[in-house]
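My notes follow the structure.

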Amino acid sequence: MNMDNENRVVITGLGVVAPNGVGKDRFLEALQNGESGAARIEELDEFMEAGGMAAFPKFEGEDSAFMRRFKLRKLQSTGILYGCMAGVEAWEDAGLSIAPKDALEPDWDSGCIMGGGITGIESIDYGIKMADVGKMKKVGPRNIQQSMSSAPSAYLGGMLGLGNQVTSNSSACATGTEALLMAYHRIKGGRAKRMLAGGCDSRLKYIWASFDVMRVLNRNPDIDPVKASRPLSASAAGFLPGAGGGALVVESLESAQARGARIYAELLGGSTNSGGQRGQGSITAPSNVGIVRCIQDMIKETGVTADQIDLISGHLTGTAIGDPTEIKSWVEALNRRGEDFPYVNSLKSMIGHCLSAAGAVESVGAVLQIYHDFVHPTLNCEDLHPDIADKVSTNRIPQECIYDAGINVLAKASFGFGDVNTCLILKKWTK
Amino acid sequence: MDKQAIVTQLKEIIKPFLEHEDDSVFEGINEQTNLVDELSFDSVDLIEIVIEIEEAFEIKIEDSEISTIKTLADMIGLIQTKQANA
């Protein structure tokens with residue numbers, strides 16, 4: 001493994017707004033208990049053929065308290081709110097302070113890569129509706145700051161007073177994981193001491209209409225929402241809409257140790273690529289060769305060996321084609337199968353598909369699994385897909401939480417529209 | 001339009017900007033309350049409030065006049081002057 005002490009990169013802070021738990025502690029509890037965040041959502045019910053099922057964050061006043069604290073007036077975009085809440089939680093969880101508003105200079109050593117996808121859609125929707133009925137002034141001066149692609153990082157950068165790189169990446173469902181890898185490289189290259197990295201996305205009904213007509217959502221009208229997200233299952237029938245935000249403080253080991261920070265895990269790096277929409281790949285479908293190469297490049301880049309990987313936190317969305325393709329790719333890339341296959345799980349079975357937030361929320365989950373040494377269950381996969389069962393032993397896909405699981409090396413994968421892939425390696429922290 | 005009616009309407013305009021604050025913040029507003037220092041309104045808030053005022057009172061506020069607004073009293077004065085000259 002790549003263990004030279006030069007610019008080692010560690011995770012020192014976690015924050016999350018997930019459909020099954022707002023805040024790191026509540027989220028951990030939900031992961032270990034296998035709690036689903038899915039529910040009937042009335043606003044979607046009459047809007048989509050797939051019906052009103054989704055997994056969206058539920059608040060008990062945390063959202064309005066946060067907006068009060070940071071004086072976030074007329075913040076319409078839910079994704080920006082989720083990203084900011086997760087970001088501030090991660091920052092403070094890392095023991096970092098927030099520079100006062102009247103500070104003369106920002107924190108030059110700290111930056112932010114908070115990715116997004118359709119994050120500003122509520123604001124865009126509002127602006128268009130006002131403009132279309134001639135109420136141009138009602139579009140308001142605040143519309144653009146919430147509509148722009150960089151809104152999540154722009155808001156967070158201002159809240160925290162960050163003076164290093166402040167940007168928002170966007171790579172569809174690989175966004176959050178890619179942000180972590182971008183942060184890793186910035187720190188590894190010595191250009192920042194710490195980066196707040198993650199992703200967020202909104203919940204508005206218009207996001208889901210196109211997925212609905214693509215027939216990639218679970219469209220069974222009679223299914224219990226908690227049973228609708230079925231990654232790895234023979235009865236997987238499409239994914240479940242999700243939304244949220246996740247953030248991690250990625251920091252140089254030197255900086256973390258100098259300030260006595262808690263270290264959750266080491267980030268060894270990873271790989272990002274694209275299948276180029278060739279072969280089986282298209283703008284909406286991943287290519288097997290792209291994924292295999294991404295995994296193999298991750299192994300080369302990080303210096304781990306295939307047999308060292310203890311757990312794969314998969315992309316695994318719950319589509320009938322995607323999950324078997326993903327597992328096939330891991331088997332090919334690692335040359336491991338059956339009982340020898342690493343543990344593999346899918347957080348989307350509990351939180352649905354949070355799009356640009358997915359990789360970030362799931363990476364927070366991945367770090368928690370390493371730090372607390374457990375493997376969270378995958379819900380609704382009691383009937384493993386035969387193509388998956390053929391390659392991976394059932395006891396490598398836990399349906400109950402496994403504690404003291406001996407998780408030392410974890411691979412996190414995310415794949416996205418555009419045939420883009422990102423894979424990371426997280427390792428239990430040892431000096 | 002008498003002053004009390006203007007104050008009542010102005011408070012209605014300001015209220016949504018304080019939706020996440022304790023009720024006491026809104027209830028404590030008086031004519032001398034400083035919008036920036038006491039209510040933490042930023043330049044975007046002020047522009048949005050000016051847009052609302054223009055619509056509600058059917059007046060036009062010039063760019064140069066926005067920077068003169070510091071308090072509710074400044075708003076009231078501006079509205080009364082504009083209405084008197086209309």
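This is a predicted model: local features need pLDDT of at least 70, side-chain atom pairs count only at pLDDT 80 or more; totals for chains, interfaces and linings use all residues.

I started with the cysteines: C84(A) has 0% relative accessibility, so it counts as buried (buried is under 20% relative accessible area, exposed over 50%, partly exposed in between; 1.4 Å probe, protein chains only). C200(A) is also at 0% and so counts as buried. The sulfur of C200(A) lies 7.2 Å from its closest cysteine sulfur, that of C84(A), which is too far for a bond.

Residues are numbered from 1 along each chain as its sequence is written, chains are lettered from A and ligands numbered from 1 in the order in which they are written, and side-chain values use heavy atoms, with hydrogens and water left out.

I checked the confidence of chain B: the average pLDDT (the predictor's confidence in each residue, from 0 to 100) is 90, and 100% of the residues score at least 70.

Next I took the interface. I found 12 residues of chain A in contact (heavy atoms within 4.5 Å) with 18 residues of chain B. R73(A), K74(A) and K137(A) supply 43% of the area that chain A buries against chain B, more than any other three residues (buried area is the accessible area, 1.4 Å probe, that two parts lose on being put together, summed over both). The two chains bury about 1500 Å² between them, with 49% of it on carbon and sulfur atoms.

I then listed salt bridges (a side-chain nitrogen of Lys or Arg within 4 Å of a carboxyl oxygen of Asp or Glu). Eight cross the interface of chain A and chain B. One of them joins K138(A) to E52(B), with the closest N and O atoms 3.5 Å apart. R73(A), K74(A), R142(A), D45(B) and E48(B) form a salt-bridge network.

R219(A) and E49(A) pair at 2.6 Å, N to O; R219(A) is partly exposed at 24%, whereas E49(A) is exposed at 62%. K412(A) and E362(A) pair at 3.0 Å. I noted that K412(A) is buried at 0% and E362(A) is buried at 1%.

How values were computed:
A disulfide is a pair of cysteine sulfur atoms within 2.5 Å.
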